[in-house]
Amino acid sequence: MSNIRVLVVDDSALIRDVLSKTLAQEGDITVVGTAHDPLDARDKIKALDPDVVTLDIEMPNMNGLAFLQKIMRLRPLPVVMVSTLTTKGASETMLALELGAVDFVAKPGTEMAGGLEAFGATLREKVRFAAQSDVQARAHRAPTPDLPLKTAAAPEGALIAIGASTGGVEAIRQVLSSIPADCPPIMIAQHMPKGFTARFAARLNELMPVRVTEAADRMVLERGTAYVAPGDYHLRVEKTSGQLKCRVTQDEVASGHRPSVNVLFSSVARVVGPMAVGAILTGMGRDGAQGMKAMREAGAFTIGQSQGSALIYGMPKAAFEVGAVVEEAPLEKIAGRLVSALMKLKAAA
């Protein structure tokens, strides 16, 4: 998309001005209008037909979440939430992603001057990704999941690894919802900033048959538990004293990200090898492709989300192109294929 047309929705005139100037900085994004509340935004969406909307949550006349729900029901289009970095803001952001928002960025606070350049680069990147997402297809797709999975028993030492970026919050939720509670440990690298991953893990823990927690360094991996990489930290698997454990470190950014899917997958290939199964889900870019290729070459079963079901078919496409995936499948089939691979491991043990 050569020029992305954006509507900025925020009740603060200062924030509207900051977002507008920030978005327009590199010339490929045009702010076609601003709105001070959802009622104003509703009229401007109809009149201006933007490609992407940036949306605040706390606004007068109608909560941003309620407005997002109306957008997704009546006129699905890409929405990027601009969220406050608080516990309440993180919880509301997770709900916004469940309701259909493509992504979010943490709103600059009192430290705005120091962090505005980094914030602006992140915001523009998220808007560009959102403009390429297939929100309408997702809104109208009627998934046909497999029959309920009764068991995911696997031999001791087996592991599930999952990587995702834009659109991954909802994709991971759907995959985990179909994986039985007796599964081997699950390690997850989802591109997400510091301050939001704890709430992401807590929200999944409320909804899933498996236990979900934010990973901590040296945490022993247990059956029936999923470990989410903390924002701004890499997550790896290691084996010491005969036990698989989390390694959580803040070494340099890899593939443009921290956490990086490549970092997680590469460690899984090295430490777990053929006892692993892995999935690469929706997201922009190439993070995870080489790590998943290493997993496949080490004998692991690997699967990529298919184009028709991915909000952004970037990371799965990159993995497919380098020969990293054994197969591709729609999102609603991925849990079943992972479980089938685990059952084969058990049968061969």
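Helices here are DSSP runs of H or I with at least four residues, strands are E runs of at least two, and both are numbered from the N terminus.

**Ground rules.** I'm working on a predicted model, where local features need pLDDT of at least 70, side-chain atom pairs count only at pLDDT 80 or more, and totals for chains, interfaces and linings use all residues. Residues are numbered from 1 along each chain as its sequence is written, and side-chain values use heavy atoms, with hydrogens and water left out.

**Entry: salt bridges.** I searched the whole structure for salt bridges and got 23. My criterion was a side-chain nitrogen of Lys or Arg within 4 Å of a carboxyl oxygen of Asp or Glu.

I started in helix 1 (residues 13–23), where K21 and D17 sit 4 residues apart, so about one helical turn separates them. Their closest N and O atoms are 3.2 Å apart, and that makes a salt bridge. I checked accessibility too: buried is under 20% relative accessible area, exposed is over 50%, and partly exposed is in between (1.4 Å probe, protein chains only). K21 comes out exposed at 58%, while D17 is partly exposed at 36%.

Next I looked at D43 and R42, whose side chains meet in a salt bridge at 3.6 Å, N to O. D43 is partly exposed at 44%, and R42 is partly exposed at 42%.

Then came D251 and R236, bridged at 2.9 Å, N to O. This pair links distant parts of the chain, 15 residues apart: D251 is in the loop between strand 11 and helix 9 (261–271), and R236 is in strand 10 (residues 234–240). Both are partly exposed, D251 with 30% and R236 with 22%.

I also noted a network of salt bridges that links E26, D28, R124 and R128.

**Entry: rings.** For aromatic pairs I took rings of Phe, Tyr and Trp (its six-membered ring) with centres within 6.5 Å; planes under 30 degrees apart are stacked, over 60 edge-to-face, and the rest tilted. The count is 1. F104 and F196 form a tilted pair, with 4.5 Å centre to centre and 50° between the planes. F104 lies in strand 5 (residues 103–106) and F196 in the loop between strand 7 (186–190) and helix 8 (197–207), so the pair ties together parts 92 residues apart in sequence. F104 is buried at 2%, and F196 is buried at 1%.

I found a charge here as well: K126 lies over the face of F104, at 5.8 Å from the ring centre. That call needs NZ of Lys or CZ of Arg within 6 Å of the ring centre and within 35 degrees of the ring normal.

**Entry: strand 1.** How many residues of strand 1 (residues 4–9) are buried? I get 5 of its 6, so I'd call the strand mostly covered, going by the buried cut-off. Strand 1 pairs with strand 2 (residues 29–35) in the parallel sense over 6 bridges, pairing being at least two DSSP bridges between two strands. R5 has T30 as its bridge partner in strand 2. Strand 3 (residues 52–55) runs parallel to strand 1 and is joined to it by 4 bridges, with V9 standing opposite L55.

**Entry: L244.** I placed L244 in strand 11 (residues 243–249), where it is buried at 12%. Leaving aside neighbours within four places in sequence, L244 has contacts (heavy atoms within 4.5 Å) including G157, M219, V237 and V272.
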